[in-house]
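Here are some notes to read beside the model. Please keep the sequence and the 3D view open as you go.

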Amino acid sequence: MLLDGVRKIAVLRANKLGDFLFAVPALDALRAAYPRAEIVLLGTGWHAAFLAGRPGPIDRVVPVPPTRGVVESGPEDPAEVEEFAAAMRAERFDLAIQMHGGGRWSNPLVARLGARCTAGLRAPDAIPLDRSLPYAWYQSEVLRYLELVGLVGAEPVTLHPRLSLMDGDRAELPPLPAGPLVALHPGADDPRRRWPVASFAAVGDGLAARGATVVVTGSGRERPVVDAVVAALDRPAIPLVDAVSVGGLAALYDRCSVVVSNDTGPRHLAEAVGTATVGIYWCGNVLNAGALTRLRHRVHVAWRTACPVCGAALPEPELPAAHHGRPCPHDESWVGSVDPAAVLADAVDLLGLEGPASGR
């Protein structure tokens, strides 16, 4: 049910790129439901830099200081957190929405903001807000947040994240050759989600043989795996590591016909700018983060449920540790069984797909 007199909305979503993009359809729904309200994202510094001036449902970003269980970029300073909460109470929000996990740590923070109405996800160990949605671990992240904003009367306007590019994004791009461009993104925060270097190289060579220019993207600690893929390719490729901002990476993917990626933020970024993708997923992650449609977004799934080195099994699937937990210390890939020939076949099919890209 819609709330009356809503002029200012706070949304807590202070995490990484893919996490933000999962929430964009819900933010679009909020904007449609409350067109005159200011929507303030309680996020992080990268949100503030990335969203400054960018068209979309967010009007303003307020970074959240390091806070236990919410933003863990450093040790929590209770005085700094209280100063932040007091500043947010002074904003006099009409509605505050917790989109930051099961709520054990985030619900108390949202409750301290003093909003006229609060809504959010609630795991069994979380305090209730005024309107709460049970936190089910294995649920599409996009649908999870659409269901959440439905508690305050916001109906879906799209099921796909959409991201607008700005002139500054395109200005970051290096000179790129004419003709079809494809990107490989072989990195991921969790090495167990990384498809083997040889598999990425096989797909890259197959696409290059069909006339595409191959770009291999990465950032920060992903440089070694980017270099390994470029070295394993039989044909030349363009490595791009820390060469552009998030906006610049979005502009690069907008230039691509296909992006082949592990389950990580850049795949979701490519989808958000309307580029076709082929994603490699572990079976548990595909339930949360897999693309919802298959015309332009193909999914390849590894059904492994135990460590490929020692055989240690994951905990029961209803426990959060099944997603983030480590049954053993090994970092070997859990997605190595995905067939490169099948991934290449999908990438080739998408490379030749005619018609407008979704969202463009």
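Predicted model: local features only at pLDDT ≥ 70, side-chain atom pairs only at ≥ 80, totals over all residues.

1. Residues are numbered from 1 along each chain as its sequence is written, and side-chain values use heavy atoms, without hydrogens or water.

2. Start with the largest nonpolar core, which has 61 residues. Such a core is a set of buried Ala, Val, Leu, Ile, Met, Phe, Trp, Tyr and Cys residues joined through side-chain atoms within 4.5 Å. Buried means under 20% relative accessible area, exposed over 50%, and partly exposed in between (1.4 Å probe, protein chains only). Ile 9, Leu 30, Ile 97, Met 99 and Tyr 253 have the most contacts inside this core. Helix α1 (residues 17–33) gives the most to this core: ten residues. Helices here are DSSP runs (H or I, at least four residues), numbered from the N terminus.

3. A second, separate core has 35 residues. Val 216, Ile 280, Val 343 and Leu 350 are among them.

4. What does Ile 9 touch, leaving out residues up to four places away in sequence? Its contacts (heavy atoms within 4.5 Å) include Tyr 34, Val 40, Phe 93 and Ile 97.

5. Now the cysteines. The disulfide count is zero, where a disulfide is a pair of cysteine sulfur atoms within 2.5 Å. For Cys 328, the nearest cysteine sulfur is that of Cys 307, 3.4 Å away. Cys 328 counts as buried because its relative accessibility is 12%. Cys 256 is buried too, at 2%.

6. Finally, Leu 143 lies in helix α5 (residues 141–150). Leu 143 has a relative accessible area of 36%, so it is partly exposed.

Note on methods:
Helix = DSSP H or I, 4+ residues; strand = E, 2+ residues; numbered from the N terminus.
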